[in-house]
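Visitor: I am new to this structure. Could you show it to me and take a few questions?

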Amino acid sequence: MRHAMSIEPTPTSIHRDAGQAVTRPSPYLEISDLWKSYGDFVALHDISLSIAKGEFVCFLGPSGCGKTTLLRAIAGLDLQSQGTILQDGRNISTLPASKRDYGIVFQSYALFPNLTIEQNIAFGLENTGRSKAEIAARVAELLETVGLSAQGKKYPAQLSGGQQQRIALARAIAISPGLLLLDEPLSALDAKVRVHLRHEIKALQRKLGVTTIMVTHDQEEALAMADRIVVMNHGVIEQVGSPTQIYRHPETLFVADFIGETNQFPAKVMSQGQVEIVHSAFSCSTQDFAAGDPATAVVRPVDIIPHGAGAHAVNSVDRPVTPQNLIDAEVQEMEFLGMFWRTRLTAPRLGDRTLIADFSVNAVRRLNIETGGVIQVEIPKERLLLFPRGA
Ligand SMILES: Nc1ncnc2c1ncn2[C@@H]1O[C@H](COP(=O)(O)OP(=O)(O)OP(=O)(O)O)[C@@H](O)[C@H]1O
Ligand SMILES: [Mg+2]
């Protein structure tokens, strides 16, 4: 099958770095010093961001953080108060929406209810100088691309939510736009359809090679789909990085907490590599901290390693254990969540605070972990994260 869009080679520029040639894709979309205010309220605060050609980027953040505002500025639907946007080298900052090169899909499918599916997809193709036959061929091709060839004569109300969103996607890519903008395209769908469509959108994006920005407040969706995630909070960018960077190396407590789950404890840096959590010393990386600094210590439930009961820790993984980070804990509660067990632990070393730990079904069986039992768990020093307190 012919691709709906031609895939152009990514332009590259050569940077000389310490004598070594490094190739980096040149940015396709470049946002610089962008601000947006509504009266006194600042919705976007000095946003700068570069997106490479063909990248799939997610804007992720809680409700009201400015995701849609940023997307609408890129689309020209709501002009920014200040700042510039370049697309493919062209300054589009003040261009009206109709003069920009993008396709967009909204949360609500926004199909025309009185037009058939074919007519909905053809809508953007009319007035582009194409003949009727060319439009019909393109519509058929797009219907095939989204796997709905048999549905062309129906009306939107006769399709399921997931199908309607596929049609909205077909309509958005009909004119082979340079940029695909998706504002929470999956959030109105039920969980199963959502996960399925996630894969379809990702596969389609790869096939077309179209630079894509998707807004979502679903962290799992962003982790699963994005090449890079832009985490936003209160109109500012908190961090930009690949899903693994964002998850493994969150730069702020907000990012750590928003992406994935956390246990948080008040802590104080004691010396290089040593931190006091509650009243007891643990080993961890204390880079960027000085002795005496107050901090918040974070560990993810999934990173806590169970070692079973007794002093002779069973360690099935071939990695060094830091004895200082082993703690005795009592299992207060266990909840079976299908893929794993979520446990609530208490430990004398953590005072009266609860430690949430997720253990695999296998580990629970192997180590005979049960409610009321005492086990030894390890907080791996490389998974213990520190953030400045009160920052
Ligand atoms: N037209 C407007 N007038 C005044 N304030 C606005 C307007 N549009 C958005 N805002 C405010 O700007 C902030 C950012 O809104 P935005 O719609 O970008 O959030 P969002 O991150 O997309 O949230 P959600 O996940 O709920 O869609 C919010 O506090 C919102 O109330
Ligand atoms: Mg929004």
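Visitor: Which helix holds both Phe-254 and Phe-258?
Guide: Keep in mind that this is a predicted model. The two residues sit four apart, about one turn of the helix. That helix spans residues 253-258 and is helix 8.

Visitor: Is the aromatic pair of Phe-254 and Phe-258 stacked or edge-to-face?
Guide: The ring centres are 5.6 Å apart.

Visitor: Is Phe-254 buried, partly exposed or exposed?
Guide: Its relative accessible area is 23%. Buried would need a value under 20%, and exposed one over 50%. Phe-254 is therefore partly exposed.

Visitor: What is the angle between the planes of Phe-336 and Trp-341?
Guide: These two residues form an aromatic pair, 5.0 Å centre to centre. The pair counts as tilted, and its angle is 45°.

Visitor: Which helix supplies the largest share of the shell around ligand 1?
Guide: Strand 4 (41-52) and helix 1 (67-75) each give at least two residues to this shell. The largest share is three residues, and it comes from helix 1.

Visitor: How far from an oxygen atom of ligand 1 does a polar side-chain atom of Lys-67 lie?
Guide: Lys-67 is among the nearest of the 13 residues around ligand 1. For Ser-63, a polar side-chain atom lies 2.5 Å from a ligand oxygen. For Lys-67, the distance is 2.8 Å.

Visitor: Which residue lies over the face of Tyr-247?
Guide: Its distance from the ring centre is 4.2 Å. The residue is Arg-300.

Terms used:
Residues numbered from 1 in each chain as written. Chains lettered and ligands numbered in written order. Predicted model: local features only at pLDDT ≥ 70, side-chain atom pairs only at ≥ 80, totals over all residues. Heavy atoms only, no water. Near = heavy atom within 4 Å. Polar contact = N/O pair within 3.5 Å; in protein donor to acceptor, adjacent residues only side chain to side chain. Phe/Tyr/Trp six-rings, centres within 6.5 Å; stacked < 30°, edge-to-face > 60°. Buried < 20%, exposed > 50% of the residue type's maximum accessible area, 1.4 Å probe, protein only. Lys NZ or Arg CZ within 6 Å of the ring centre and 35° of its normal.
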